[in-house]
Amino acid sequence: MLNDDVDEKLTSEVVPTIANSHRFQWEEVQNCHVILYPEGMVKLGDSSAEILKLCDGKNDVTAITNILQQQYPDAELDNDIKKFLEVAHENGWIKYK
Amino acid sequence: MKTAGSNTNKVNPPLWLLCELTYACPLQCPYCSNPVEMANFKKELSTEDWIRVMREARKMGATQLGFSGGEPLTRPDLEELIAEARQLGFYTNLITSGLGMDEKRVAAFKKAGLDHIQVSFQASSADLNDLIAGTDAFEHKLEMARAVKKHGYPMVLCFVLHRQNEPYVREILDLAVTLDADYVELATTQYYGWAFHNKDYLIPTREQLANAETVTKEFQEKLKGKMKIFYVIPDYFEDRPKKCMDGWGAIFLTITPDGLALPCHAARQLPGLELPSVQDHSIDWIWNDSPDFNKFRGLDWMKDPCKTCPEKEKDLGGCRCQAFMLTGDATNADPICSKSPHHQSVVDTVEDIGRLAGTPELEEKPVLFRNMKNSKEIIKNKAPESV
């Protein structure tokens, strides 16, 4: 099924990974990153794409936040990242490991 | 961006390429959307033609690719086409009955890069499934659904709903749970092609629909986050039309087995189309410049009641094929709309079905199964009129 880990909560130690059924890729013509899944596509904004690039099965949420915080030192990213990951998880784009 | 005719708006690129690889199919479903004259179109595009079509559409920006038919598994070059599509960066969907596949082929498709397999079922029991399919298919479908999951694909189960199987929506969804489907599409029969001929056999009753909606909602709640269930109310029961294909020449590009480019898979029947072939034209020209793809694009083609309707951008006048089939003129408003002067005929049809369902007058009418023999028969009977 879509998320075997449906009851799992997002914590700092969770390692978010793009779901098997989904593909995350750059689309030249659309000029943006997209998520592709059975018979559908979602276009992503730059900040969403920056987060998903780091959902590679290696980084936990703390690492993702630290990496992005270094790139954008003036922004308060912690909550935005968590919120986005929760939405992405709810939509089945990512799995928690 | 190139424009054509009076269409001065920027044309967005196609996002969906539907490759109808063949009209051949071991199933005979009476709701098939393929043209009833399919026996006339036996010539199929070559592997090289399909590869060129995929390359050109991908270059324009298409991301989703569907292999359908007929039954796409009848093409021995399917593995090769999948590999090319995936290498081009498409998200590749195989839309299949499961007949013509074994576990070895499921594995070979995976190796070739196939992203997703949609397996169709006709019903939740072998008896009804095989009656509708016109062949023994149910057990093999179960086996293939299990193989699809085993090999790590996301699995969409598709059930086309109509009066014969609509009462069994609970059993259908139970089956989907048992098979561990990721998505379930409770597709509503669209009355084109064979389905239009078999309307009396297929159109559900209001009571059936109300029940199906209640059961579906119950499962959607229960399975939230586990299984996505798509269910759409058939438009014969609505008073506003659907934004068909998300707009003519807006997202979808269908290529028929013999190489015609269509803005939707039912458009082949519309009169006045030139039906450009991919063997004569580039995909770029077909999409951006061909008269066909500009014919009903946007809003300029409309006449009243659509032309002056405040909702025209919302539904774009509905479905051109339905307008043609039910009113004889493809530029009319889709008669599903209560603003259409033809709407009463749709209301009458639904009421007739409700009144006659379960009576021999309706239930014992002959069903026209989708097969080449019946197609030839239809062509033969039509021929004198066209001479």
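Before anything else, my working meaning of "buried": a residue counts as buried if 20 or more other C-beta atoms lie within 10 Å of its own. I also note that this is a predicted model.

**Entry: strand β1 of chain B.** I looked up which residues of β1(B) are buried on each side. B:Trp16, B:Leu18 and B:Glu20 are buried on one side, and B:Leu17 and B:Cys19 on the other, so both faces are covered by that cut-off. With 5 of the 5 residues of this strand (residues 16-20) buried, β1(B) is largely enclosed by the rest of the structure.

**Entry: who pairs with it.** I find β1(B) running parallel to strand β2 (residues 64-68) of chain B, with 5 bridges between them. B:Leu17 has B:Leu65 as its bridge partner in β2(B), and for B:Leu18 the partner there is B:Gly66.

**Entry: the whole sheet.** I traced the strand order in chain B as β7-β6-β5-β4-β3-β2-β1-β8-β9, an open sheet of 9 strands with mixed pairing. Which strands stand at the edges? They are β7 (228-231) and β9 (261-262) of chain B; each has a single partner strand, so one side of each is left without a neighbour in the sheet.

**Entry: the core.** I checked the largest nonpolar core and got 128 residues. B:Leu17 turns up again here, listed with B:Val148, B:Met155 and B:Leu157 as having the most contacts inside this core. Strand β5 (residues 155-161) of chain B gives the largest share, 6 residues. I then looked at what B:Leu157 touches, leaving aside residues up to four places away in sequence: B:Val119, B:Phe121, B:Ala145, B:Ala176, B:Leu179, B:Ala181 and B:Val184.

**Entry: helix α3 of chain A.** This helix (residues 78-90) has 13 residues and reaches 19 Å from first C-alpha to last, close to the expected 18 Å. I get A:Ile81, A:Phe84, A:Leu85, A:Ala88 and A:His89 as its buried residues. Down the axis of α3(A) they fall within an arc of 135 degrees, so they line one face of the helix. What covers them includes β1 (16-18), α1 (46-53), α2 (61-71) and β5 (94-96) of chain A. On the other side, I see A:Asn79, A:Lys83 and A:Val87 exposed. Just after the helix, A:Gly92 has a positive phi of about 80 degrees.

**Entry: where the chains meet.** I count 21 residues from chain B and 16 residues from chain A in the contact. The chain B side divides into 8 nonpolar, 8 polar and 5 charged residues.

Key
Residues are numbered from 1 along each chain as its sequence is written. Chains are lettered from A and ligands numbered from 1 in the order in which they are written. This is a predicted model: local features need pLDDT of at least 70, side-chain atom pairs count only at pLDDT 80 or more; totals for chains, interfaces and linings use all residues. A nonpolar core is a set of buried Ala, Val, Leu, Ile, Met, Phe, Trp, Tyr and Cys residues joined through C-beta atoms within 7 Å. A residue is buried if 20 or more other C-beta atoms lie within 10 Å of its own, exposed if 12 or fewer, and partly exposed in between; C-beta atoms are placed from the backbone. Helices (H or I, at least four residues) and strands (E, at least two) are DSSP runs, numbered from the N terminus. Two residues are in contact if their C-beta atoms, placed from the backbone, lie within 7 Å. Ala, Val, Leu, Ile, Met, Phe, Trp, Tyr, Cys and Pro count as nonpolar, Asp, Glu, Lys and Arg as charged, and the others, Gly among them, as polar. The expected span of a helix is 1.5 Å times one less than its number of residues. The arc is that of the directions from the helix axis to the C-beta atoms. Two strands pair if DSSP finds at least two bridges between them.
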